[in-house]
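Here are my notes on this model. Please read them with the coordinates open.

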Amino acid sequence: MTGAAASGQCGGLLDYKTAKFALTRNRRVGLLHRLLQLGVLGYMLGWVLLVRKGYQDTDPAPRAAVVTKLKGAAVAEVGGAGRRLWDAADYTRPPQGENVLFLVTNFIATAKQAQGTCPESPSVLDAMCAEDADCPMGNPVVHGNGIKTGKCVMFNTTHSTCEIYGWCPVENNTLPGKPLLAEAENFTLFIKNTVHFTKFNFSKCNTLQTNDPTYFKSCTYDPFFNPSCPVFRVRDMVEAAGETFGDLALLGGSIGVRIDWDCDLDHPAAQCQPQYSFSLQDRRYNFRTASYYWDSQRQLYRNLLKLYGIRFDISVHGQAGKFSIIPAAVSFGTGIAFFGAATVVCDLVLLYLDAKADFYWKEKFEEAKPPKGKAKAAA
């Protein structure tokens with residue numbers, strides 16, 4: 001008995017199974033099969049080939065270079081220094097335009113500061129005092145402008161503050177009611193961007209190739225009528241980000257400039273053009289800067305400026321694609337596999353979920369045995 005059982009198990013290892021095709025007149029399963037095939041076909045043609053371009057090899061990380069230039073001029077009062085002309089060298093930070101630049105739109109000026117002693121500003125809470133004991137000598141004023149000298153002095157007729165050693169007079173903190181450089185809304189920003197897709201050794205620049213030397217001096221970007229001109233008016237950029245220039249220019253803010261490249265290298269290179277988008281990243285942006293000079297008595301002075309303005313953060317993104325046999329073969333093989341999966345799903349429905357599943361099971365799986373006479377003759 002043990003030998004016979006072992007012989008039967010070994011014989012089972014040598015059995016061979018082959019596919020058997022059974023034609024069924026089940027309209028529900030037949031309809032499901034066709035719907036699944038149409039779904040797979042639509043997915044392959046619509047999404048994989050047309051949208052995702054699965055037949056292409058891609059380079060999703062271009063190397064990018066950005067050069068910027070701001071142009072414009074405005075006149076504004078600078079504290080005790082009188083009227084002053086502001087041009088690109090004054091209102092642009094840093095002077096060498098890169099991916100990040102700052103445009104001055106408003107400022108607070110404190111002119112002719114010299115190092116010495118003076119009352120601290122009453123707007124600083126740690127500087128308020130009633131007597132000298134409230135101003136320990138040598139302690140810095142928290143959020144203030146200098147070091148306490150140990151004296152409590154009158155700042156004006158209504159406030160007493162600690163005397164400090166620092167740059168005097170202390171910084172003016174009176175913000176103008178409207179932007180002093182309101183003309184900056186008509187300034188223009190030139191953005192030159194070059195991308196290089198190393199995988200395909202392909203480079204493209206966003207500037208129009210033209211022999212007209214005056215083109216970039218007269219054109220302004222428009223997404224519909226002039227998309228090839230990389231000269232942007234500041235007001236248009238702020239409005240595209242969903243803000244008004246007057247509100248943003250008063251206290252400053254940050255605007256994100258996004259440049260997207262989507263290049264299909266199976267088409268002419270002229271069709272590879274960037275798309276620009278603008279977004280508000282932050283409100284309130286300012287910093288301080290000072291210019292120093294000596295008078296005839298060799299006394300050091302400085303003019304302090306607290307600058308408010310718009311910071312532009314430029315980012316470049318993109319990808320390029322080109323036909324390649326390997327991704328095309330992978331996409332084609334995936335489609336064939338999905339078609340096979342549709343058949344497997346219909347088999348599962350027919351053999352396990354249909355009301356006549358037992359009948360279909362017997363018809364699909366059949367054990368084939370040779371006739372007994374021939375089996376004995378073969379033995």
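1. Start with helix 2 and helix 7. The buried residues of helix 2 pack against helix 7. Contact here means heavy atoms within 4.5 Å. Buried means under 20% relative accessible area, with a 1.4 Å probe and protein chains only. Helices are DSSP runs of H or I, at least four residues, and strands are runs of E, at least two, numbered from the N terminus.

2. Ground rules. This is a predicted model, in which local features need pLDDT of at least 70, side-chain atom pairs count only at pLDDT 80 or more, and totals for chains, interfaces and linings use all residues. Residues are numbered from 1 along each chain as its sequence is written, and side-chain values use heavy atoms, with hydrogens and water left out.

3. Helix 2. It covers residues 27-51. Its buried residues are V29, H33, V40, M44 and V48. A kink of about 25 degrees is centred on Y43; the bend is the angle between axes fitted to the seven residues ending there and the seven starting there. The end C-alpha atoms of helix 2 lie 34 Å apart, close to the expected 36 Å. That expectation is 1.5 Å times one less than the number of residues. K53 follows helix 2 with a positive phi, near 50 degrees.

4. Helix 7. Its 29 residues, 325-353, should span 42 Å at 1.5 Å a residue, so the 41 Å between its end C-alpha atoms agrees. P327, A328, S331, G335, A342, C346, L350 and L351 are its buried residues.

5. Whole chain. There are 9 helices and 15 strands. Of the 379 residues, 34% count as buried. Among contacts between residues at least 6 apart in sequence, 68% join residues at least 24 apart.

Methods
Buried means under 20% relative accessible area, exposed over 50%, partly exposed in between (1.4 Å probe, protein chains only).
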